[in-house]
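I opened the notebook to look up a few side chains and ring pairs. My entries follow the display.

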Amino acid sequence: MPVRPLQRLLLTLFFIAACALAAPASAQFSSQPGAGGGGSGSSTVTTPHVRAELVAHAPDGVGPGKPLWLGLSIAHQPEWHTYWKNSGDSGLPTQLEWRQLPAGIEAGEIAWPVPRKIPIGTLANYGYEGTVLLPVPMAVSSAFAPGPFERNATFTLQASWLVCRKECIPEEGTFTLQVPLASTTAMNALAFEAARLAHPQPLPAPAAAAAGGTRSHARVERGMLVLTVAGLPETVRGKPLDFFPETPGVIETAADGMQDWQGDVWTARVPISPQRSESPMPLPVVLAHGGRGWRAELPVEGGWPRPASAATVSPALEAALRANAQEQSQQQPLPPAAATPASAGLLATALLGALLGGLVLNLMPCVFPVLAIKVVGFARHGQDRRAHRLGGLAYTAGVVLSFLALGGAMLALRAAGEAVGWGFQLQSPAVVAALAALFTLIGLNLAGVFEFGRMLPSSLAGLQARHPVADAFLTGVLAVAVASPCTAPFMGASLGLTATLPAAQALAVFAALGLGLALPYLAASWVPAVARALPRPGAWMDTLRRFLAFPMFATVVWLVWVLGQQSGIDGAAALLALLVALGMVVWSLTLAGRVRIAIATISIAIFAMFAAAWGPKVIEMAPVAEAAPPRGGAAAATAWQPWRPGLADELLAQGRPVFVDYTAAWCVTCQFNKKTTLASDAVLRDLAGKNVALLRADWTRRDPAITAALAQLGRSGVPVYVLQAPGKAPVVFSEILGERELRSAVAAL
């Protein structure tokens, strides 16, 4: 049976994929306050307070006259904010410095979206919370002439920002982004369109007054700045407007002022700042309502009074920065929170839950192909009881040690400050691509496309026959590789507890999980009745072997879909091309004589060329596209919204129940629940009837905020389902979400 020798090579590939676990750490650089830099070649910088990403919008590719926008997308942690071009009473605006631009491309100024007023005690700032995109137009001139072998345009940005809550922390990062020259880059089209709509539109020049002769202007009157603006859209007339001067330090930012409409003319009176150091002529202002803005440059009639002495930094910001610098210089880095040993009863419960979770994991569809291969191998030994027992022990050792390795890696990353949980390795496109290649090779071998005995020297091809114990051990490693995307009942609580346990107790939980997965085969290998019940070796084994190729190829389809969620459609297409080239290499090695040498050389060269050209597309994280808001009507009542930190609390404060689905594209259990219980018309009607807000927290890619939210629920992986209602304790459901239990919980609201 030539299935098992393949796994020796597969182990090498698996550990290569395991080495790629470090990829997210470099792709998402965690900068310390005040420290700069980012991972080399990374488009994303992650700090404890923001996640910043350089994104692009090039719907027609990159070329002279074609529209090209780049932008810095900043996602803030709850209660943290960064600043507009005029930061208000304190703060500093975000600065962008382009370190590398292709020849013939010039960067414009930031097209600042309309900010919001952020009260801070008796002060106020102008800035952004949640997620904001700062777009920059790029002018591509006729001088742009890439070489014949250039496929991408490379942009490098050095950005710095001040992020504040009650304290202020300067941060910065270096971003590198490669934009394809020929293909469409439009993953962030919705985000750039939203930023375009949020950018203030110019009002008519003051001389071009609205009907009636009113001329837009400003004047200073008894310590007040009096504004008169005409030409605003009819849709905002009669409504209160937000007022943002582009020049810092001109007005009392925290003051509300007074405003009024006189027909189609808006007027306002705002106190002038006693510390005013600027006298802008004209005065550039932005008026806003509902996220839309309009910009005007107002002549100041009568001029400005004499300004106060200039101040480079506001007193509030200077004090905040001084206190933050002193705190950072005096304090040593905080050690990780000390783990608390669990009591004997709690540890026993966690171990039992992990054991049961591992047992149930055998029923998950992702584990079926490997178990089927193992059963074929079991039957191959016939009545050889000694071979069964040694194989069972070796398989168990492979499973348990692999779980310990994954658990140790997860605990080590957590100790280093990384926010990771169960299945973290599949948040790396490199690991997903390596697994897709692994299962492609398994499928080709099972289908009979190649045999190792014909491709390797006889001394290597006979390793499986001489070392069946090692072969069984590698099968255990492979079982863990395919089982890691799954979370079974009983697993969630036990894995979540590992975050608070000492390393020894946490690893014991992982070992129990591995023992549970291996237990059925281990028991079968030591119970003679099972061996006697199996059919004798025969032609059926070859038929079953070829049939098992199809579950393997189905797994590859799923992995390509997962990678498409991470790297975009271009990344998925690049992976498919590489898999086709890999299949051609394998087939060429089955040939004989001079034909093998010629075709194998060509095939390997083609594969190497594809890997060099398209490999970066496979492992590069695609920008996250903004979800379109739900439209009105009945569909909106059951529409899923993207989860973000604090959104559930906001909805609960409004009196709405909230159901949160913590999910990931690589989680098989998540996809099963999504297509069954969460797609049930009866369930959706019940949720709509109770006005339950539906939130989906997608953990396909690394997201420290989601990891932290899972940890608060005592969980370390997905799926997790939580139903919350105002004034009631959250209800956390089992991993296999049942329609009856969900409907019962909704009915009890």
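These entries cover one glutamate, then the aromatic rings.

I note that this is a predicted model, where local features need pLDDT of at least 70, side-chain atom pairs count only at pLDDT 80 or more, and totals for chains, interfaces and linings use all residues. Residues are numbered from 1 along each chain as its sequence is written, and side-chain values use heavy atoms, with hydrogens and water left out.

**Glutamate 171.** I found glutamate 171 in strand β12, residues 168-180 (strands are DSSP runs of E, at least two residues, and helices runs of H or I, at least four, numbered from the N terminus). Glutamate 171 counts as buried because its relative accessibility is 2% (buried means under 20% relative accessible area with a 1.4 Å probe, protein chains only). I looked up its side-chain partners. Histidine 49 makes a polar contact of 2.7 Å with glutamate 171, and threonine 47 makes one of 3.0 Å (a pair of N or O atoms within 3.5 Å, one able to donate a hydrogen and the other to accept it; residues adjacent in sequence count only if both atoms are side-chain atoms).

**Rings.** I read 9 aromatic pairs in the structure (Phe, Tyr or Trp six-membered ring centres within 6.5 Å; planes under 30 degrees apart are stacked, over 60 edge-to-face, the rest tilted). Tryptophan 643 and tyrosine 662 form a tilted pair, 6.2 Å centre to centre with 55° between the planes. Both tryptophan 643 and tyrosine 662 are buried. Phenylalanine 659 and tyrosine 721 are stacked, because their planes meet at 10°, with centres 6.3 Å apart. I place phenylalanine 659 in strand β23 and tyrosine 721 in strand β25, 62 residues apart.

Notes
Buried < 20%, exposed > 50% of the residue type's maximum accessible area, 1.4 Å probe, protein only.
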